[in-house]
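Please look through the sequence and the model below before reading on. The paragraphs that follow take a few residues and elements in turn.

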Amino acid sequence: MDLVLLGAPGSGKGTQADYLQRTLGLTHIASGDLFRDHFQRKTELGLRASEYMARGALVPDPITIAMLRERVSQPDTLKGVLLDGFPRTMEQAIALNEMMATLGRQIDAVLYVEVPDEELVERLSGRLVCRECQVPFHRIANPFDTCPHGRCTGEHLYQRADDAPETVRARLVTFHRQTAPVIDYYGLINLLFTVPGHGSVDDVRRATLDVIRRLDIDKPSG
Ligand SMILES: [Zn+2]
């Protein structure tokens, strides 16, 4: 079963990815990891991608698709893949369909971890990092108690610029603008499953499991 995982920053998508990977035996393919792997191996595709990134430009879709194709062709993906961070646009979604078809595969379902924006703002803007030991804390979920390194007493906690509420809101606006057409597209071709991503980790896990059960019913051969 080949899946796509969508979710805003702070949606807990990573936790869901781990869970789906373990439960369904899927291979988790994050687009960021793909780039890093190609850079490290100094592949032709990696070198081409790095030329764009060095200029601050987006890596063209054909390069990303070629990397994905190579990765999905490997034998450890037989039980299925879980794509994370791709596709981000409708053009990429269509290119992905075409690429998968050349491998005799298809995207079976798209899971969108949906969390209300205000909850995402609360989650992300509550993050604090210790400047001394780089340990992450959270105002609500994981408040500072003792420094695990025993070096400080909470006086070096600060908020990264990325986590300031107004920055978080701007990131969410960008996410929705980019992702809404992708979500609409997968909805139109009946592949979209929405996982409610609010509540506790256990609530979300249960919601994910419900979706997996529905997938099993819909795709008995998967
Ligand atoms: Zn510290």
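Thr64 has 24 C-beta neighbours inside 10 Å and therefore counts as buried, since the cut-off for a buried residue is 20 or more. The model is a predicted one. Thr64 belongs to helix H4, which covers residues 61–72. Setting aside residues up to four places away in sequence, Thr64 touches Ser31, Val59 and Phe86. Asp76 is 12 residues from Thr64 in sequence, and the two C-alpha atoms are 20 Å apart in space.

Next comes the parallel sheet. Five strands make up this open sheet, in the order E2-E3-E1-E4-E8, and their pairing is parallel. Its edge strands are E2 (27–30) and E8 (192–196), each of which pairs on one side only. From one strand to the next, the twist averages 25°. At one end of the order, E2 pairs with strand E3 (residues 81–84) in the parallel sense, over 4 bridges. Within this pair, His28 stands opposite Leu82 in E3.

Helix H1 can be checked for length. H1 runs over residues 13–24, and at 1.5 Å a residue its 12 residues should span 16 Å; the C-alpha atoms at its ends are 16 Å apart, so the two values agree. The expected span is taken as 1.5 Å times one less than the number of residues. Which residues of H1 are buried? They are Lys13, Gln16, Ala17 and Leu20. Seen down the axis of H1, the buried residues fall within an arc of 105°, so they line one face of the helix. Asp18 and Arg22 are exposed, and they sit on the face of H1 turned away from its buried side. Just after H1, Gly25 takes a positive phi of about 70°.

A second sheet is antiparallel. Here 3 strands form an open sheet in the order E6-E5-E7, with antiparallel pairing. Strand E6 (136–138) and strand E7 (157–158) are the edge strands, each pairing on one side only. Strand E5, residues 127–130, is joined to E6 by 3 bridges, and the two run antiparallel. In this pairing, Val129 stands opposite Pro136 in E6.

Helix H6 spans residues 117–125, and its buried residues are Leu120, Arg123, Leu124 and Ser125. What covers these buried residues of H6? Among the elements that do so are E5 and helix H7 (165–188).

Leu124, placed in helix H6, counts as buried because 23 C-beta neighbours lie inside 10 Å. Leaving aside its neighbours within four places in sequence, Leu124 is in contact with Pro9, Gly10, Asp163 and Val168. Thr167 is 43 residues from Leu124 along the chain, and their C-alpha atoms are separated by 9.9 Å. For Thr64 and Asp76, by contrast, the separation is 12 residues in sequence and 20 Å in space, C-alpha to C-alpha.

Conventions. Residues are numbered from 1 along each chain as its sequence is written. This is a predicted model: local features need pLDDT of at least 70, side-chain atom pairs count only at pLDDT 80 or more; totals for chains, interfaces and linings use all residues. Two strands pair if DSSP finds at least two bridges between them. A residue is buried if 20 or more other C-beta atoms lie within 10 Å of its own, exposed if 12 or fewer, and partly exposed in between; C-beta atoms are placed from the backbone. Two residues are in contact if their C-beta atoms, placed from the backbone, lie within 7 Å. The arc is that of the directions from the helix axis to the C-beta atoms. Axes are lines fitted to C-alpha atoms, for helices over the stretch in contact, and angles run from 0 to 180 degrees between N-to-C directions.
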